[in-house]
Amino acid sequence: LPGEGWARLGDDQVPAEYSSYTVFGSEDDPDAMIVTGTEELGPLEPIAATGLSLATEMAGELVTGGADLRVEPSEETTLDDRPAFGATLGDPSDGNGYGRFLVVQVTDDRGAFMLGLNTSGDEEATAGIDAAFDTLGTV
């Protein structure tokens, strides 16, 4: 976990579309969350196209309260020598929300993803999301 105030939901509490679900603040109405899982990748699309679509769709599903997070794609990259794509959502300096997304191609047609969203603007939550992303690796 990225630091104090973060709690991992039990397996019976994690929505089916995710492998893990970690929250900052209340479990019922969290200020921030970090989710992980796997997703089928489009066989004909570059990972950047699939990644941008996933980031936009997942952020839209998790953001509530009318927040509108702008998705800014990063460059295609690698993580542990595997193709990857990342995106930043929102701007931490505007206080309206912030997030990060990364999808890593683990097989020809499967990707592992991590999405961190801070909808409260809390600086501690943003720091926790950044810390979690800074320690990513594949197994």
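## Ground rules

Residues are numbered from 1 along each chain as its sequence is written, and side-chain values use heavy atoms, with hydrogens and water left out. Because the model is predicted, local features need pLDDT of at least 70 and side-chain atom pairs count only at pLDDT 80 or more, while totals for chains, interfaces and linings use all residues.

## Aromatic pairs

A pair of aromatic rings is described by the distance of the centres and the angle of the planes. Rings of Phe, Tyr and Trp (its six-membered ring) pair if their centres lie within 6.5 Å. Planes under 30 degrees apart count as stacked, over 60 as edge-to-face and the rest as tilted. A search of the whole structure finds 4 aromatic pairs. Take Trp 6 and Phe 24: their ring centres are 5.2 Å apart and their planes meet at 50°, so this pair is tilted. The pair links distant parts of the chain, 18 residues apart. Trp 6 sits in strand 1 (residues 6-8) and Phe 24 in strand 2 (residues 20-25). Helices (H or I, at least four residues) and strands (E, at least two) are DSSP runs, numbered from the N terminus. Buried means under 20% relative accessible area, exposed over 50%, and partly exposed in between (1.4 Å probe, protein chains only).

Phe 101 and Phe 113 form a stacked pair, 6.5 Å centre to centre with 20° between the planes. Phe 101 lies in strand 6 (residues 98-105) and Phe 113 in strand 7 (residues 110-118), so the pair ties together parts that are 12 residues apart in sequence. Both Phe 101 and Phe 113 are buried. Ring pairs also join Tyr 18, Tyr 21, Phe 101 and Phe 113 into a cluster.

## Two buried strand residues

Asn 118 lies in strand 7. With 0% relative accessibility, Asn 118 counts as buried. What does its side chain reach? Another is the backbone oxygen of Asp 122, at 2.8 Å. These are polar contacts: pairs of N or O atoms within 3.5 Å. Within protein, one atom must be able to donate a hydrogen and the other to accept it, and residues adjacent in sequence count only if both atoms are side-chain atoms. Leaving aside residues up to four places away in sequence, Asn 118 touches Asp 31, Ala 32, Gly 97, Tyr 98, Ala 125, Thr 126 and Ile 129. Contact means heavy atoms within 4.5 Å.

Val 35 belongs to strand 3 (residues 30-40). Val 35 counts as buried, at 0% relative accessibility. Its C-alpha atom is separated by 7.4 Å from that of Ser 19, 16 residues apart along the chain.

## Helix 2

Helix 2 (residues 123-134) has 12 residues. From first C-alpha to last it reaches 16 Å, close to the 16 Å expected at 1.5 Å a residue. The expected span is 1.5 Å times one less than the number of residues. At the N-terminal end, Asp 122 caps the helix: a side-chain oxygen lies 2.8 Å from the backbone nitrogen of Glu 124.

Which residues of helix 2 are buried? They are Ala 125, Thr 126, Gly 128, Ile 129, Ala 132 and Phe 133. These residues cover an arc of only 160° around the axis, which puts them on the same side of helix 2. The arc is that of the directions from the helix axis to the C-beta atoms. An α-helix has 3.6 residues a turn, so residues three or four places apart point the same way. On the other side of helix 2, Glu 123 and Asp 134 are exposed. The cover over the buried residues includes strand 1, strand 2, strand 3, strand 6 and strand 7.

## Salt bridges

A salt bridge is a side-chain nitrogen of Lys or Arg within 4 Å of a carboxyl oxygen of Asp or Glu. The whole structure holds 2 salt bridges. In one, the side chains of Arg 100 and Asp 130 meet at 3.2 Å, N to O. That pair links distant parts of the chain, with Arg 100 in strand 6 and Asp 130 in helix 2, 30 residues apart. Arg 100 is partly exposed, with a relative accessible area of 21%. Asp 130 counts as partly exposed at 22%.

Arg 100 also forms a salt bridge with Asp 134, with the closest N and O atoms 3.7 Å apart. Arg 100 lies in strand 6 and Asp 134 in helix 2, so this pair ties together parts that are 34 residues apart in sequence. Asp 134 counts as exposed, at 60% relative accessibility. Shared partners join Arg 100, Asp 130 and Asp 134 into one network of salt bridges.
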